[in-house]
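Q: I would like to learn how to read the features of a model like this one. Could we go through them one at a time?

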Amino acid sequence: MSETEPVQQSYAFQAEVSELLHLMVRSVYSETDIFLRELISNASDACDKLRYEAISNPELMGDGGRLVIQIAADAAANSLTIADTGIGMDRQELIDNLGTIARSGTRAFVSRLREAKDGASLIGQFGVGFYSAFMVANKIEVISRRAGTKEAWIWRSSGSGGFEIAPASAAEAADLVRGTKVVLHLKEDARRYLENQQIERVVRTYSDHILFPIELKTADGKLAQVNEASALWQRAKSEIKPAEYKTCYQGLAGAFDEPALTLHYKAEGRLSYAVLLFAPSTRPFDLFGPERKGHIKLYVRRVYITEDAQLLPPYLRFVRGVIDSEDLPLNISREMLQNNPQLAQIRKAVSGRMLSELATLASKDPAAFAKIWEAFGSVLKEGIYEDPERRDQLLGLARFASTKDAEMRSLQDYVAAMKPAQSEIYYLVGESIDRLKANPKLEAARARDIEVLLLTDPVDAFWTSLALSYEGKPLKSLSQGDVDFGESTPAKAGEAEPAPAAVDTAVLIATIKGVLGDRVSEVRASNRLVDSAACLVASGQGPDRELQRLLSLQKHSVGGKPILEINTGHLLVKGISEAKFAASPDLADLCELLFDQARILDGEVPEDPALFTKRMNRFVVRGLTPSVGATRPSGS
Ligand SMILES: Nc1ncnc2c1ncn2[C@@H]1O[C@H](COP(=O)(O)OP(=O)(O)O)[C@@H](O)[C@H]1O
Ligand SMILES: [Mg+2]
């Protein structure tokens with residue numbers, strides 16, 4: 001400490017921390033047990049960090065003894081202490097780590113908590129790290145000595161407003177050679193945590209997977225280890241109970257849901273490593289964060305190295321778990337991990353295994369797979385775009401809504417149900433199922449009883465732009481290029497009559513194009529419409545309509561102007577070709593209405609909503625006028 005530094009200094013919490021603490025104290029959350037899980041997990045992280053740093057800098061271990069987590073209750077003082085001999089925090093780290101919210105997931109959590117009616121259940125579902133200790137404590141002291149330094153510091157807070165930091169007195173830091181001691185002054189209604197029985201129960205429930213010994217101070221002042229402290233992934237599969245996997249998953253992921261899929265195996269041979277991976281059953285908060293960060297923990301011979309080694313591709317970022325290598329050097333730097341060829345091999349093998357495991361689940365237990373797909377399908381589909389090598393595998397996993405069935409359909413289902421003469425897999429991308437189902441571009445397919453897949457995730461607009469095929473059948477957007485249902489099934493009854501010969505299609509098209517000018521690249525007769533008058537499609541080259549729309553929301557304009565397709569059998573379209581409009585302003589208005597309708601059907605707004613309404617009303621009023629008098633009840 002420099003001499004000008006004040007002995008004690010006060011700091012305000014970052015606004016989000018204050019908000020979190022406020023929300024947490026206010027909500028009546030009954031399962032407060034998780035505070036202990038969070039503090040033990042921090043203590044374990046701190047031991048992991050020290051062990052890792054000590055690989056290149058052994059002095060850090062000094063004579064601080066082994067890595068251990070110790071818990072002691074003091075009934076007289078009404079306090080519970082959780083101590084670790086991990087890395088510790090210096091003054092600045094205390095300020096940075098225990099005054100702000102570092103985790104992006106937690107930040108998202110705070111905003112959800114703010115909106116939720118039942119915030120309490122969210123706390124239980126996701127945990128809130130260190131701050132959860134304020135559920136059971138009205139005052140917390142954190143005394144910490146960073147490994148390799150002499151000074152110890154004390155952080156104090158009662159949870160409202162802010163915290164204080166001061167050098168720890170000799171008495172306060174007496175038994176702290178290295179690491180951190182968290183002292184909780186328990187609230188009245190949390191006194192049960194002074195009982196060893198309670199503490200032991202919570203540790204066994206939530207923290208059994210922790211690799212460092214967790215010791216509890218007994219009545220006679222001795223310390224007794226309460227956790228297993230063995231790496232679950234190193235044990236034989238046959239010896240492990242489902243409940244143990246679940247606890248391990250929840251501990252590793254900081255989650256509270258059940259794992260939807262557990263993958264546990266050991267690879268032996270040129271490379272040896274143990275793999276324990278879980279697919280969660282609910283979406284974590286940071287799933288759609290811009291970093292697309294994975295959460296697989298890399299261990300080397302039981303020593304935790306990092307969570308940042310990108311052991312799985314970004315489209316598997318929802319997977320949680322551990323890969324423990326026998327071959328990598330312990331002193332591998334985090335920077336070297338990116339280009340390590342052994343890791344690249346592991347990454348490749350484990351990704352493939354994960355996907356084939358998902359495929360197995362899909363065939364063995366479709367309902368369980370459907371849940372995973374519902375939660376993470378939109379993430380997995382990113383891989384279709386990004387990972388050419390696994391594209392077919394991912395296409396095989398993909399499930400889609402369709403015009404056929406309430407069930408989600410696989411491409412395999414689709415292909416099996418194709419019409420005899422049908423050669424393409426049809427789909428339509430849009431914002432919602434309801435919108436898509438009402439889209440006129442489905443009309444001709446529907447009339448021919450041809451199934452169309454309905455794609456509503458934003459990512460669908462991207463991967464479908466790749467012009468893919470499945471089992472030799474090209475995927476074909478009904479919103480792009482020409483459609484040719486071929487001689488497949490003849491149209492069902494109810495389809496509009498073909499345009500009467502009186503309508504000269506070429507003239508009609510020229511007329512409409514003349515009015516719309518270069519707002520459309522082309523006007524042409526459609527063979528995808530039955531009941532509707534017109535629709536807009538993208539040209540055969542370049543992006544699909546939905547992709548254009550999404551990109552234009554981000555102010556990118558891509559691709560050319562759309563093509564206006566008209567239904568020459570529709571009365572409105574026929575009207576345009578009628579002589580009586582030829583020289584009237586109605587002609588231009590009808591063309592404009594046709595164009596605006598087509599935009600609206602794609603979920604867009606008319607180019608000029610006011611003008612659109614005015615035009616429409618002009619025709620509506622004219623249509624009403626002769627009949628108004630005739631139907632008005634007499635006497636009014
Ligand atoms: N016992 C501890 N030893 C060292 N650092 C700690 C300890 N407890 C908390 N910290 C620091 O405080 C930070 C915030 O903890 P927490 O709120 O639990 O979030 P998280 O563990 O997800 O980062 C940790 O990232 C760590 O840097
Ligand atoms: Mg934590």
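Q: How many bridges join strand 17 to strand 20, and do the two run parallel or antiparallel?
A: A note first: this is a predicted model. To read a strand pair, look at the bridges and at the direction of the two strands. Here strand 17 (residues 425–429) and strand 20 (residues 473–477) run parallel, joined by three bridges.

Q: Which residue of strand 20 is the bridge partner of Tyr427?
A: The bridge partner of Tyr427 in strand 20 is Ser477.

Q: In what order do the strands of the open sheet lie?
A: The sheet is read across its strands, from one side to the other. Six strands make up this open sheet, in the order 16-15-18-17-20-19, and their pairing is mixed.

Q: Which are the edge strands?
A: Strand 16 (409–410) and strand 19 (469–470) are the edge strands, each pairing on one side only.

Q: Which residues is Asp544 in contact with, leaving aside neighbours within four places in sequence?
A: The contacts of Asp544 are with Tyr427, Val429, Ser477, Ser479, Gln480 and Ala538.

Q: How many residues apart in sequence are Asp544 and Ser465, and what is the C-alpha to C-alpha distance?
A: Sequence separation and distance in space are read side by side. Asp544 and Ser465 are 79 residues apart in sequence and 6.8 Å apart in space, C-alpha to C-alpha.

Q: What about Asn57 and Val621: how far apart are they in sequence and in space?
A: They are 564 residues apart in sequence, and their C-alpha atoms are 85 Å apart. Asn57 lies in the loop between helix 2 (34–56) and strand 2 (69–74), and with 30% relative accessibility it counts as partly exposed.

Q: How many helices and strands does the protein chain have, and why is it described as more spread out than a compact globule?
A: The protein chain has 19 helices and 23 strands. Its radius of gyration is 33 Å, well over the 26 Å that the globule rule gives for 636 residues, so the chain is more spread out than a compact globule. Along the principal axes, its C-alpha atoms fill a box of roughly 105 × 70 × 45 Å.

Q: What percentage of the 636 residues count as buried?
A: In the protein chain, 51% of the 636 residues count as buried.

Note on methods. Residues are numbered from 1 along each chain as its sequence is written. Chains are lettered from A and ligands numbered from 1 in the order in which they are written. This is a predicted model: local features need pLDDT of at least 70, side-chain atom pairs count only at pLDDT 80 or more; totals for chains, interfaces and linings use all residues. Side-chain values use heavy atoms; hydrogens and water are left out. Helices (H or I, at least four residues) and strands (E, at least two) are DSSP runs, numbered from the N terminus. The radius of gyration is taken over C-alpha atoms; the globule rule is 2.2 Å times the number of residues to the power 0.38. Buried means under 20% relative accessible area, exposed over 50%, partly exposed in between (1.4 Å probe, protein chains only). Two strands pair if DSSP finds at least two bridges between them. Contact means heavy atoms within 4.5 Å.
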